[in-house]
Amino acid sequence: MGAGAAIGAIATGVSVAIGLITAAITAVNSYLDVIETEQTALTQKIRDVGSTWSRSDRDLSDGSVSDGDGSDWRVNR
């Protein structure tokens, strides 16, 4: 193998490596853009809730385990 062939092989390897690195950086940037968009949307949803939360139409005051009424907690088997 001559010096010219070695230089050509090195140049090819370097260009492939640069292409792979560029593709990886582009993919990471795209992924981070998606994360930023989702975080912004979640932050806006939190702001939209404000200081009041909607109340459930169910009676959630009885969280007892075994006081004998119909809402006792039990393991399903």
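Guide: Val-28 counts as partly exposed because its relative accessibility is 47%; buried means under 20% relative accessible area, exposed over 50%, and partly exposed in between (1.4 Å probe, protein chains only). This is a predicted model, in which local features need pLDDT of at least 70, side-chain atom pairs count only at pLDDT 80 or more, and totals for chains, interfaces and linings use all residues. Residues are numbered from 1 along each chain as its sequence is written, and side-chain values use heavy atoms, leaving out hydrogens and water.

Visitor: What share of the 77 residues of the chain counts as buried?

Guide: The buried share is 3%.

Visitor: In which helix does Val-28 lie?

Guide: Helices are DSSP runs (H or I, at least four residues), numbered from the N terminus. Val-28 belongs to H1, residues 3-49, and the chain has one helix and zero strands.

Visitor: What span should the 47 residues of H1 have?

Guide: The expected span is 1.5 Å times one less than the number of residues. For H1 this gives 69 Å, and its end C-alpha atoms are 69 Å apart, in agreement. Just after H1, Gly-50 adopts a positive phi of about 75°.

Methods
Helices (H or I, at least four residues) and strands (E, at least two) are DSSP runs, numbered from the N terminus.
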